[in-house]
Amino acid sequence: INAEYMGTVFNRIIELHHTMLARVSRNTPVAASKARFLPSYFKQRNLSSSSQAVSDHLPEEADVLVIGGGAIGTSIAYHLSKYGQKNVVLLERAQLTHGCTWHAAGLLGQLRGNRNLTRLLQYSAQCFGELEKDTGVNPDWKPVGSLRLACSLDRWKELKRSYSQAQSFGFDMRLVSPAEAQELCPIISLDGVLGAAYIPSDGHVDPTSLTNAFAKGARDRGVKIVQGVEVIGASSQHRRITEVTVKDKKDPSKTHRIKCKKNCKRRWFVGSRCWFIIRCQCSNY
């Protein structure tokens with residue numbers, strides 16, 4: 001494939017992208033300063049589909065408040081409800097998966113530098129495999145295995161150390177020759193490859209389907225998920241959040257307060273100094 005052909009394909013993709021934006025923007029009054037990427041248009045369009053303010057559906061109080069409706073937030077809500085926690089509320093400022101989740105790769109590599117993190121990721125692989133049976137939603141989990149290639153002596157030594165570590169964890173990891181690696185993945189080139197590490201239980205999952213599966217399981221157990229509300233502030237007492245203030249994105253003039261006994265995830269408190277039980281990654285778009 002030459003560079004000229006790839007340039008033509010890329011230009012065509014850009015043209016289609018702008019065409020889609022134009023079609024959506026004709027029916028959606030989005031301010032130019034906020035129209036930065038495609039998902040924001042869909043957020044505004046979907047949030048305006050109802051004539052009733054979103055905040056009208058907000059509860060007055062929650063035992064546990066989860067902020068952020070991505071894969072992490074819905075997973076927290078799902079597991080809390082699964083293990084018996086009642087009155088859990090999840091708030092999402094746009095719609096589910098519209099933060100980091102929509103562009104995540106969905107790769108799951110389980111071996112990490114410490115035992116507890118490795119065990120946590122092992123549980124993730126197990127959970128993904130059982131999620132459809134529990135929720136009825138297929139997260140598209142594919143345990144196809146993974147290969148880590150070593151193209152230098154230092155990298156090969158690193159993989160050998162990881163192998164020893166995996167054995168101490170009781171984790172299934174295998175060192176394979178270049179020829180064995182190519183048998184597992186025929187498309188790889190063996191130029192400069194000294195060896196590889198094969199982990200048969202690694203895999204990949206569709207982040208959107210995973211989030212929807214967690215959300216379905218959480219809702220089935222009584223979790224209230226509210227989309228289209230943004231947390232703009234919080235009150236705390238003795239280093240614990242006792243109340244949050246949210247803004248209805250459909251009707252910015254309307255605010256709502258929710259009393260909360262506990263707080264989980266994420267860092268989407270704007271302009272407030274708060275203490276969090278669980279700190280997670282936060283990205284702004």
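Two residues are in contact when they have heavy atoms within 4.5 Å. In this protein, residues 24 or more positions apart account for 64% of the contacts with a separation of 6 or more. The model is predicted: local features need pLDDT of at least 70, side-chain atom pairs count only at pLDDT 80 or more, and totals for chains, interfaces and linings use all residues. Residues are numbered from 1 along each chain as its sequence is written, and side-chain values use heavy atoms, with hydrogens and water left out.

The protein has seven helices and eleven strands. Both are DSSP runs numbered from the N terminus: helices are H or I with at least four residues, strands are E with at least two. Of the 285 residues, 41% are buried, meaning under 20% relative accessible area with a 1.4 Å probe and protein chains only.

Start with the open sheet. Three strands form it in the order β4-β6-β5, with antiparallel pairing. Strands pair if DSSP finds at least two bridges between them. β4 (146-150) and β5 (174-176) stand at the edges with a single partner strand each, so one side of each has no neighbour in the sheet. Neighbouring strands are turned by 25° against each other on average, direction ignored. β5 is joined to β6 (residues 195-199) by three bridges. Arg174 has Tyr198 in β6 as its bridge partner. Helix α5 (residues 153-169) lies across β4, β5 and β6, and runs at about 140° to β4. Such angles run from 0 to 180 degrees between N-to-C directions, with axes fitted to C-alpha atoms, for helices over the stretch in contact.

Next comes a hairpin. β9 (residues 229-237) and β10 (residues 240-248) run antiparallel, joined by eight bridges. Ser236 stands opposite Ile241 in β10. Two residues lie between the strands, and His238 in the turn has a positive phi of about 55°.

Finally, look at the largest pocket. Its volume is about 1100 Å³. Among its 30 lining residues, the closest to its centre are Ala71, Ile72, Leu121, Ser124 and Phe128. A pocket here is an open set of points on a 1 Å grid over the protein atoms alone, where a 1.4 Å probe fits, with protein on both sides within 12 Å along at least five of seven lines; lining residues have an atom within 4 Å of a point. The volume is the space filled by probe spheres set on the points, which are joined across faces, edges and corners. α4 gives the largest share of the lining, seven residues. The lining divides into 19 nonpolar, nine polar and two charged residues. Ala, Val, Leu, Ile, Met, Phe, Trp, Tyr, Cys and Pro count as nonpolar, Asp, Glu, Lys and Arg as charged, and the others, Gly among them, as polar.

Note on methods:
Buried means under 20% relative accessible area, exposed over 50%, partly exposed in between (1.4 Å probe, protein chains only).
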